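Here is a friendly first tour for someone new to this structure. Please have a look at the sequence and the fold before reading on.

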Amino acid sequence: MSDTSQAIIERFRAAYGQDIDLSLRPAYLDLLEKFGNPQKHLPPVFHVAGTNGKGSTCAFLRAMLEAAGYKTHVYTSPHLVSFHERIRLAGKLITEEELVELLLAAEKLAAPGSVSYFEAWTAAAFAAFARHDADFTILETGLGGRLDATNVVDNPLATIITRLSFDHREYLGDTMDKIAREKAGIMREGAPCFSAFQPDVLALKTLGEEAAKLRVPLLVGGKDWKAEERGDGFRFTDATRRYDLPKPALLGQHQYQNAGLAIAALSVLPEPLPLEAITQGLRTVYWPARLQRLTTGPLVSLAPKGAEVWLDGGHNDSAGEVLAAQIERWQKEDGPNPKPLYIVLGMLTTKVPKEFLSPFAKHIVQLRTVPINHETLGYTAEALAFEARKIGLSCVKEAKNAADAFADLAKLRTSTPPRILICGSLYLAGAVLAQQGDEACRR
């Protein structure tokens with residue numbers, strides 16, 4: 001029986017275990033060399049690091065460039081339903097046949113356990129990108145920046161740093177200056193760096209110091225460029241442009257900033273991107289599990305009559321703040337009878353439930369905790385419920401899974417149909433989309 005990509009991926013996982021290694025080890029560099037150093041033969045690269053908004057910013061870059069007629073290679077992580085989502089070749093997901101071929105090559109070229117699975121996958125992605133024609137490459141770091149497997153590109157067109165926050169403390173450090181220094185590791189002399197507005201003063205100071213060391217122009221949101229909500233859209237301004245733009249297809253005020261960051265970075269193009277392409281990209285951009293409305297599928301059918309069902313993969317403090325802002329906007333739009341907020345929550349034990357939940361805890365009417373199936377690092381429903389109660393929530397019950405949670409919530413009687421938000425983890429979001437039979441991740 002021939003190999004499948006999933007079988008090869010599982011072999012890499014088994015050979016390496018669950019640990020994460022941030023070191024750009026010689027074995028990985030040797031694997032790239034055996035592949036012919038494909039990272040040296042990529043179309044011009046936009047390299048994206050940060051804590052929140054990396055994937056959305058990549059999605060905006062892709063949508064706008066493709067709206068202008070350019071072909072883009074895109075590397076993102078994690079995937080939601082299918083591993084193929086991580087590698088887009090000239091706009092299309094990598095085929096199973098090519099993915100199997102490249103993963104088998106990586107398996108043959110690297111000794112078992114000598115490279116991490118992310119290193120193997122990144123090497124395979126670079127090899128795929130180098131063999132297919134495209135105009136641009138969009139690379140999202142997996143974790144950190146300085147020692148990330150993607151950080152082997154010497155001459156990016158531009159580097160991009162999204163909003164920084166606390167995440168992966170065990171690898172990146174427990175202070176914002178340490179985290180910022182790791183993310184700034186993708187900067188390269190000669191390539192401008194575009195940063196989102198950074199609420200943390202220390203993070204911004206550190207980015208500035210690292211840019212100065214490398215003589216890198218650093219253009220920061222709120223200072224060198226701005227994205228400001230206006231009416232039913234937003235205005236983007238920088239030193240040479242002022243655009244009045246429509247609301248992005250991705251929901252949430254934070255998406256104005258992610259869109260603005262992409263527009264700012266696109267200023268490095270030899271020819272300015274037409275305003276029509278920027279506008280079309282904003283209207284057509286798609287990035288699942290980021291405040292995504294679910295309108296069909298088995299979970300929706302289990303929801304209380306008239307309920308809204310939303311899905312979001314956010315899991316840290318700043319993601320909680322983003323959700324809080326959107327929840328407050330929803331309630332304002334609802335008028336005098338706001339929809340009661342029900343939360344279905346699943347999280348990994350590497351995250352901090354208190355930091356995520358606290359920004360919007362006061363709005364929660366009911367909360368159901370669920371495990372994340374097939375994730376050894378996931379909280380049990382009972383342990384997560386305990387964490388939720390520690391911050392003062394008393395409306396908490398455990399559920400076996402999301403379907404069980406929805407069935408329980410449907411028993412409640414309210415005068416106004418509720419708004420149900422499934423959140424806490426991209427892994428939970430991926431499991432939900434898989435249950436939905438959602439093929440939209442392939443767009």
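## About the model

This is a predicted model, in which local features need pLDDT of at least 70, side-chain atom pairs count only at pLDDT 80 or more, and totals for chains, interfaces and linings use all residues. Residues are numbered from 1 along each chain as its sequence is written, and side-chain values use heavy atoms, with hydrogens and water left out.

Helices (H or I, at least four residues) and strands (E, at least two) are DSSP runs, numbered from the N terminus.

## Helix H5 and its two partners

Let us start with helix H5 (residues 117-131), which packs against helix H4 (residues 96-109) at an angle of about 125°, with the axes 9 Å apart. Axes here are lines fitted to C-alpha atoms, for helices over the stretch in contact, and angles run from 0 to 180 degrees between N-to-C directions. The angle makes H4 oblique to H5; angles under 35 degrees count as roughly parallel, over 145 as roughly antiparallel, 65 to 115 as roughly perpendicular and the rest as oblique. On the H4 side, the contact (heavy atoms within 4.5 Å) is made by Glu98, Glu101, Leu102, Leu103 and Ala106, and on the H5 side by Ala120, Trp121, Ala124, Ala127, Ala128 and Arg131. By class, these residues are eight nonpolar, no polar and three charged. Ala, Val, Leu, Ile, Met, Phe, Trp, Tyr, Cys and Pro count as nonpolar, Asp, Glu, Lys and Arg as charged, and the others, Gly among them, as polar.

H5 also packs with helix H2 (residues 26-34), at an angle of about 25° and with the axes 10 Å apart. That makes H2 roughly parallel to H5. Tyr28, Leu31 and Leu32 of H2 meet Glu119, Ala120, Thr122, Ala123 and Phe126 of H5. This contact has six nonpolar residues, one polar and one charged.

## Helices H3 and H9

Helix H3 (residues 54-67) and helix H9 (residues 254-265) cross at roughly 50°, and their axes come within 8 Å. H3 is therefore oblique to H9. Ser56, Thr57, Phe60, Leu61 and Met64 of H3 make the contact with Gln255, Asn258, Ala259, Leu261, Ala262 and Ile263 of H9. Seven of the contact residues are nonpolar, four are polar and none is charged.

## Helix H16

In helix H16 (residues 426-436), the residues Leu426, Leu428, Ala429, Gly430, Val432, Leu433 and Gln436 are buried. Buried means under 20% relative accessible area, exposed over 50%, and partly exposed in between (1.4 Å probe, protein chains only). Their cover includes helix H11 (298-302) and strand E17 (419-423). At the start of H16, a side-chain oxygen of serine 425 reaches to within 3.0 Å of the backbone nitrogen of tyrosine 427.

## Two buried residues

Leucine 139 sits in strand E5 (residues 136-140). Its relative accessible area is 0%, so leucine 139 is buried. Not counting residues up to four places away in sequence, leucine 139 touches several residues, including Val45, Phe46, Tyr75 and Phe126.

Where does glutamine 198 lie? Glutamine 198 is in the loop between strand E7 (193-195) and helix H8 (201-213), and it counts as buried because its relative accessibility is 3%. A polar atom of the glutamine 198 side chain lies 2.9 Å from the backbone nitrogen of leucine 164.

Terms used. A polar contact is a pair of N or O atoms within 3.5 Å; within protein, one must be able to donate a hydrogen and the other to accept it, and residues adjacent in sequence count only if both atoms are side-chain atoms.
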